[in-house]
Amino acid sequence: MSKKVFNHIIMSMGKRKTQTISFDVLMQESQKSWTEAEWELYEAVSADFQKEVHDRKELGATLNAARKELALTQPQLALKADIQQAEISRIERGVGNPTATTLFRLTHALGLKMTFLPADKAESARQ
């Protein structure tokens with residue numbers, strides 16, 4: 001989990017004071033009062049989120065490998081695809097959220113074609 005820090009407002013004797021706590025601590029305190037249904041929802045959403053993170057990293061790794069196979073730097077690909085180099089970096093690291101247009105530009109610049117396969121066929125094609 002993130003180590004970002006949040007300001008937590010505490011009411012103490014009618015006065016407002018701010019205490020800085022980590023996100024992890026804030027979540028742990030909140031989770032203490034969760035119902036079973038809330039935990040089930042959390043687990044389902046967490047699983048979906050983890051799958052999305054995995055898919056984005058996989059996409060980034062695939063684009064990174066294709067770029068390197070062509071001996072292109074990120075700035076060179078940026079010029080060729082008309083996309084900012086910083087966006088290519090974010091996508092390759094798996095933290096970007098590219099639009100369809102961005103993906104089409106990248107795949108075209110890399111001499112690739114974007115296709116959609118059923119998940120089971122995509123898994124067998126990777127192996």
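A salt bridge is a side-chain nitrogen of Lys or Arg within 4 Å of a carboxyl oxygen of Asp or Glu. E29 and K32 form one, with their closest N and O atoms 3.1 Å apart.

This is a predicted model, in which local features need pLDDT of at least 70 and side-chain atom pairs count only at pLDDT 80 or more, while totals for chains, interfaces and linings use all residues. Residues are numbered from 1 along each chain as its sequence is written, and side-chain values use heavy atoms, leaving out hydrogens and water.

**Salt bridges**

A search of the whole structure finds five salt bridges. The table lists some, among them the pair E29 and K32.

| E29 | K32 | 3.1 Å |

E29 is partly exposed, at 46%. K32 is exposed, at 63%.

Helices here are DSSP runs (H or I, at least four residues), numbered from the N terminus. E92 is buried, with a relative accessible area of 12%. R67 is buried too, at 7%.

E87 counts as buried at 16% relative accessibility. R90 counts as partly exposed at 32%.

**One face of helix α1**

Which residues of helix α1 (residues 23–31) are buried? They are D24, M27 and Q31. Seen down the axis of α1, these buried residues fall within an arc of 65 degrees, so they line one face of the helix. The arc is that of the directions from the helix axis to the C-beta atoms. An α-helix has 3.6 residues a turn, so residues three or four places apart point the same way.

**Aromatic rings**

The structure holds three aromatic pairs. Rings of Phe, Tyr and Trp (its six-membered ring) pair if their centres lie within 6.5 Å. Ring pairs link W34, W39 and Y42 into a cluster.

Note on methods. Buried means under 20% relative accessible area, exposed over 50%, partly exposed in between (1.4 Å probe, protein chains only). Helices (H or I, at least four residues) and strands (E, at least two) are DSSP runs, numbered from the N terminus. Rings of Phe, Tyr and Trp (its six-membered ring) pair if their centres lie within 6.5 Å; planes under 30 degrees apart count as stacked, over 60 as edge-to-face and the rest as tilted.
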